[in-house]
Amino acid sequence: MHEWIGYRPLIGEDWPAWAIMGLFTVCYFLLDDFSRFFVHKLLHEVPALWAFHKVHHSARSLTPITVFRTHPVEGVLFSLRSTLVQAISIAFFVFFFGKRADLITVLGAGIFTFLFNLTGSNLRHSHIALGYWHWLEKWLISPAQHQIHHSTKPAHFDKNYGVVLSIWDRITGTLVYSEKGQQLEFGLSRQRLPDEQNLIKIYTAPFFELGSVLLSKIRKKSKEAPNS
């Protein structure tokens, strides 16, 4: 940014500290939540990435620790996402606001993370279908809406990618509202496959699937080459 702008313009020098902290907190939250949505969407729609993300969706029952049921490759991708979001947010605000850039926190957690947990985020991966009012689910993803994301019903596939905000799903047409008393089955499909819960297979199968995807693309390219 020093190279692009040529100097460091400190702005908002007469702003109160809470205004700068509020702006930083909101901007960071929006960028973080959108990036989670975007990466999650890619994990479903890119075959090479779905091979790893399906480990999370292979869970037949949801508990609060299901959030940790992820392939290490997916863990690396989300760590890189988090690093990128923090780098952009912190660099931008420190450049323009200096040491006054800081997050609003509650008990050491970002205020939006605190509120997210307060509204039942730990029930997202559970059998408790806590839904919000219809008007609120237009803005926030309820635990019941995330459970729909794990449903084996084909109409629910690739829906409700959002983590906190549902506006991203509304924009992309992937939002589904929860229903009172909804009964769902969880997993990749309603047909139980042999060894689908085998730990070794869960960790190794995605690499073979990735190889198959890449091989098919190479073959397709080689067939198209003579015609180009």
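**Close-up 1. Histidine H146 in helix α7 of the predicted model.** H146 lies within helix α7, which comprises residues 143-149. The relative accessible area of H146 is 4%, and because buried residues are those under 20%, H146 is classed as buried. When neighbours within four places in sequence are set aside, the contacts of H146 are R124, H125 and I141.

**Close-up 2. The packing of helix α2 against helix α3.** Helix α2 covers residues 17-45, and helix α3 covers residues 47-57. The axes of the two helices are 6 Å apart and meet at an angle of about 100°. Angles of 65 to 115 degrees count as roughly perpendicular, and therefore α2 is described as roughly perpendicular to α3. On the α2 side, the contact is formed by H40, L42, L43, H44 and E45. On the α3 side, P47, L49, W50, H53 and H57 take part. Sorted by class, the residues in this contact are five nonpolar, four polar and one charged.

Close-up 3. With a relative accessible area of 5%, F52 is buried. Residues up to four places away in sequence are not counted here; beyond them, F52 touches H71, V73, E74, P206, F207 and L210.

**Close-up 4. The separation of F52 and G173.** In sequence, F52 and G173 stand 121 residues apart. In space, the distance between F52 and G173 is 24 Å, taken from C-alpha to C-alpha.

Note on methods:
Residues are numbered from 1 along each chain as its sequence is written. This is a predicted model: local features need pLDDT of at least 70, side-chain atom pairs count only at pLDDT 80 or more; totals for chains, interfaces and linings use all residues. Side-chain values use heavy atoms; hydrogens and water are left out. Helices (H or I, at least four residues) and strands (E, at least two) are DSSP runs, numbered from the N terminus. Buried means under 20% relative accessible area, exposed over 50%, partly exposed in between (1.4 Å probe, protein chains only). Contact means heavy atoms within 4.5 Å. Axes are lines fitted to C-alpha atoms, for helices over the stretch in contact, and angles run from 0 to 180 degrees between N-to-C directions. Angles under 35 degrees count as roughly parallel, over 145 as roughly antiparallel, 65 to 115 as roughly perpendicular and the rest as oblique. Ala, Val, Leu, Ile, Met, Phe, Trp, Tyr, Cys and Pro count as nonpolar, Asp, Glu, Lys and Arg as charged, and the others, Gly among them, as polar.
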